[in-house]
Amino acid sequence: MRRNKVLGTLYGAAYGDSLGAITEFRSRRDIAQAFPGGYRTYAPSISFITSEITPGCVTDDFGSSCYFMQKILRHEGDFDRGIAVEAVLEWSNDPIVFAKYAGRNTKSAMERLKEGTVIDEEARKRHFGQANTNGAAMKVSPIGLLARGDQELAVQYALDLAYPTHYNSAAASAAAAIACAIAAAQGEDATLDGIFSAAVEGCRKARLQVEEEGCAAFGPFTEEHIKWAIQMGQACESTDALLNVLEGQIGTGISVQESIPAVFAIIAGTKGDFHKALFCASNAGGDTDTISSMTGAILGGLHGVEVLREEDIRRIQEVNAFLCLQETVEAFADLICN
């Protein structure tokens with residue numbers, strides 16, 4: 001594991017989250033009206049959800065990842081479903097990145113978790129069966145790294161991470177797709193095709209496992225939508241064409257059947273260019289912080305931390321001192337690379 005690629009994944013995820021937070025859940029048209037030349041760098045938020053956010057601050061996406069990293073560090077590199085429960089319980093007490101920004105499904109799951117109902121299999125199936133949102137996929141960057149390139153382990157870690165809050169075949173397999181893509185991006189000779197293949201196969205394996213456990217979700221298989229979205233992205237000859245496809249055909253909502261394929265369409269359509277991809281993700285409308293964060297994690301890992309501007313990293317470190325973000329990222333990189 002190369003430290004610059006590990007740091008690229010983590011700071012890429014944080015940067016994407018904080019960049020997309022400024023336009024979160026506004027339409028593409030709203031964003032174009034607010035930023036006639038396109039939204040390219042930190043600015044005051046136009047989002048109804050993050051209206052008071054300090055530019056550079058992360059939301060629930062990478063904020064929750066910090067709690068997972070801190071918990072894994074305390075457990076000296078171990079991770080399983082019990083540790084995942086510990087991490088989300090600790091995260092749920094955060095007055096900013098949980099209280100302000102966590103999604104409805106996550107908050108509902110936390111209420112049940114605090115009552116202990118997560119251990120009731122029937123209750124879990126009933127509550128989680130239709131929660132096809134991306135609340136697990138958004139925070140997998142640490143465990144994608146923890147797998148250290150092992151795709152089978154990346155799938156299992158993703159399922160463990162999804163268990164407390166998003167355990168159905170759609171949401172959990174989406175987390176596996178992103179985790180496997182992140183793991184594949186760490187390779188010395190990583191390619192976009194290899195990343196795409198790892199995501200599709202990891203997504204399929206996770207879906208089958210969770211279905212076998214009796215937690216099947218409704219809706220199309222996310223891995224099939226990923227394959228289709230990659231083809232759609234590859235066919236785009238311009239940024240505008242890619243944004244049109246995202247808006248009109250793929251979608252950029254919180255469901256995993258939209259947001260996860262959107263990530264891979266963006267990566268394919270920009271040919272893996274980090275800054276072009278994050279521009280598309282944050283200007284596309286919809287769940288821009290989550291899509292940007294997942295995109296940033298994959299491409300930051302592919303290219304290494306050098307792809308990020310030093311001033312953006314410094315801003316992230318300073319603004320998110322309340323999360324001990326810099327110390328957590330550095331310590332986690334030490335864990336992964338040693």
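Helix 9 passes helix 13 in a left-handed crossing, a crossing being left-handed if the near helix is turned anticlockwise from the far one by less than a right angle, and right-handed if clockwise. The structure is a predicted model, in which local features need pLDDT of at least 70 and side-chain atom pairs count only at pLDDT 80 or more, whereas totals for chains, interfaces and linings use all residues. Residues are numbered from 1 along each chain as its sequence is written, and side-chain values use heavy atoms, with hydrogens and water left out.

Helix 9 (residues 169-185) and helix 13 (residues 256-269) pack at an angle of about 15 degrees, and their axes lie 10 Å apart; axes are lines fitted to C-alpha atoms, for helices over the stretch in contact, and angles run from 0 to 180 degrees between N-to-C directions. Helix 9 is therefore roughly parallel to helix 13, given that angles under 35 degrees count as roughly parallel, over 145 as roughly antiparallel, 65 to 115 as roughly perpendicular and the rest as oblique. Helices (H or I, at least four residues) are DSSP runs numbered from the N terminus. The contact (heavy atoms within 4.5 Å) is made by A170, A171, A174, A177, I178 and A181 of helix 9, together with V256, Q257, I260, V263 and F264 of helix 13. By class, the residues of this contact of helix 9 with helix 13 comprise 10 nonpolar, one polar and no charged, where Ala, Val, Leu, Ile, Met, Phe, Trp, Tyr, Cys and Pro count as nonpolar, Asp, Glu, Lys and Arg as charged, and the others, Gly among them, as polar.

Helix 9 also packs with helix 8 (residues 151-162), at an angle of about 140 degrees and with the axes 8 Å apart. Helix 8 and helix 9 are therefore oblique to each other, and their crossing is right-handed. On the side of helix 8 the contact involves Q151, A154, V155, A158, L159 and A162, and on that of helix 9 it involves A172, A175, A176, A179, C180, A183 and A184. The contact of helix 8 with helix 9 has 12 nonpolar residues, one polar residue and no charged residues.

A further packed pair is formed by helix 11 (residues 222-234) and helix 12, at an angle of about 145 degrees and with axes 10 Å apart; helix 11 passes helix 12 in a right-handed crossing. W228, A229, M232 and G233 of helix 11 make this contact with L242, V245, Q249 and I250 of helix 12, and the residues divide into six nonpolar, two polar and no charged.

Grid points are joined across faces, edges and corners, and a volume is the space filled by probe spheres set on the points. The count comes to one cavity of 30 Å³ or more, and the largest cavity holds about 40 Å³ of space. Its lining consists of A13, F62, S65, A137, M138, V140, S141, I178, I182, S293, M294 and A297. Helix 3 (60-74), helix 9 and helix 15 (288-303) each give two or more residues to this lining, the largest share, three residues, coming from helix 15. The lining of the largest cavity divides into nine nonpolar, three polar and no charged residues.

The largest pocket contains about 340 Å³ of space, and among the 21 residues that line it, F25, A102, G103, R104 and I254 are the closest to its centre. Two or more lining residues come from each of helix 3, helix 5 (104-115) and helix 15, with helix 5 giving the largest share, three residues. The lining of the largest pocket has six nonpolar, eight polar and seven charged residues. The second largest pocket has a volume of about 170 Å³.

Note on methods:
1 Å grid on protein atoms, 1.4 Å probe; cavity = no way out; pocket = protein on both sides within 12 Å on 5 of 7 lines; lining within 4 Å.
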